[in-house]
Amino acid sequence: MNDNPIVVDDLVKYYDGRCVLDGISLAVPRGCIYGLLGRNGSGKTTMIRILLGLEPPTRGRTLVFGEDSTRLSAKAHGRVGYVAEGHNLIQSYRVSRLISLCKGLSLHWNDEFFGHLMETFRLPMDRRVRELSAGMRAQLNLALAMAIDPELLILDDPTLGLDTVARRQFLELAIDVIQRQGRTILFSSHILGDVERIADRVGILLAGKIVVDCTLEELKDRVKKLRIIFPERVPDDLFMTEIINRQSQGREMVLTIANWNPQKRAILETFKPASCAEVPMSLEDIFIECTRPASTPALQESEV
Amino acid sequence: MLTLIGRELRDNLAHLILAGSFSFCTVAIAIVTAYWGISWISLPISGIMGIILVVLYTSLGAVQMYTDRTNRVSSLLATLAATRSRILAARVLTGSLIILATLVPPLITAVAIMSLEEAPLVFYRATIAEVFATVVLTSFACYCVGLLLGWTTIKAFPVFGLLFLMALVVLLVVIKGFVLTAIVLLLLFSVACLAHVWCRFTSLPL
């Protein structure tokens, strides 16, 4: 048994001379819910497409269940459920025909679970896929991906276009899949609240590089936001490694820093701050700090 | 594989019906000619039938690939328990089945008529085999050119290049006739086209 259903090794992808992925390496362990985050155009979808063999890499390799993505066998494909960004379904087919096609091309088909999903979503079987709303297409795509009882579920911004109720339904379904032992999920989303709710490991892509790859707890533990008040003005010579963001105004400085440790605390103490308070950070706050442009010169070096 | 072939057949039902109609007409013409003595088989009619075959099979290949590319069919299928090679194999197999479904009934009819008329079949066996093989391979070559055309994004140069190639194939048969050399050249041409389609289909982004 392979312990890492997904392995990405020094992955590089160029599009028309533009580097989209720049030496990405990561591994997603079995049973892990991996939240892949990044701003628009950061390379999340490209990485997922390379993983599924839909796109060839420029350099490096990706393995799914130990098989190279460029030569993924039908058996390996059959173990992966995929919900694509924009819900890539055959638009001219009727819902019923698309379902029978997917059923015919699956290794396992959980009729009971699929029936339950269709009952929940109430999708019209006689309508063509292009006649469905974006939300309905998302639900259909999700139901098709879930029905094959996937060992690995890859969700590329799956809740895009779903209303709040449908999004909640989706998350509950995802949790249902998670509860089945050994299931692995790679989950890319812009709704960080969703990721925070279900992910236990996160990766943040920035300008084609992976700047964060650790568990959610570790990330929250290692990235700290500090509000520091100095007796007079903020010192100009406060230098530390792995500063993600620094904003100063008068006596107050708000510092976002990676790998906060006693040594760094000791350095800060030498400037004799009047007070130093930790500001609680959600995943969204961390993400914004990590992907903030321009004002974060230390970001590239401060990989967490 | 059967699911993939079934999907291809259903998606190309129009071509299947056209091919069936062509086959039916050919059989009808052969029977009418043999039993009522009305000579419908002439050079212009044979020429028209040849053109119909060329257009039918080229369009079949082109439509198969073009609808795949525009509807992004393979980008869905390739995420299910199917590989790109299997998807293409199912497509080519379906195309070959449609070609054979069009051409085998006229062959059977011709052989049956010859048997009923007590023609020396042993004497004609080699000629029948050569004619049949040439027609099947010409059809298959046209189909392969269609596959290439359908997967090419519309650009004048490759499209005209492929149409020029197809004209060469047809001229080859017209000039050389139904002989072994033509069969070998058609076979090589088809294999080269298929290899090119396979390389492009399995390596390009879906």
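Me: In strand 13 of chain A, which residue is the bridge partner of Ile228(A)?
Reply: The partner is Met253(A). This is a predicted model, in which local features need pLDDT of at least 70, side-chain atom pairs count only at pLDDT 80 or more, and totals for chains, interfaces and linings use all residues. Residues are numbered from 1 along each chain as its sequence is written, with chains lettered from A and ligands numbered from 1 in the order in which they are written.

Me: How many bridges join strand 11 to strand 13 in chain A?
Reply: Seven bridges join strand 11 (residues 223–229) of chain A to strand 13 (residues 252–258) of chain A, and the two run antiparallel. Two strands pair if DSSP finds at least two bridges between them; strands (E, at least two residues) and helices (H or I, at least four) are DSSP runs, numbered from the N terminus.

Me: And what is the strand order in the sheet?
Reply: In chain A, four strands form an open sheet in the order 12-13-11-14, with antiparallel pairing. Strand 12 (243–249) and strand 14 (275–279) of chain A each have a single partner strand, so one side of each lacks a neighbour in the sheet.

Me: Changing topic: at what angle do helix 6 and helix 8 of chain B pack?
Reply: Helix 6 (residues 121–151) and helix 8 (residues 180–203) of chain B pack at about 25 degrees, with their axes 9 Å apart. Axes are lines fitted to C-alpha atoms, for helices over the stretch in contact, and angles run from 0 to 180 degrees between N-to-C directions.

Me: Roughly parallel or roughly antiparallel, then?
Reply: Helix 6 and helix 8 of chain B are roughly parallel to each other (angles under 35 degrees; over 145 is roughly antiparallel, 65 to 115 roughly perpendicular and the rest oblique).
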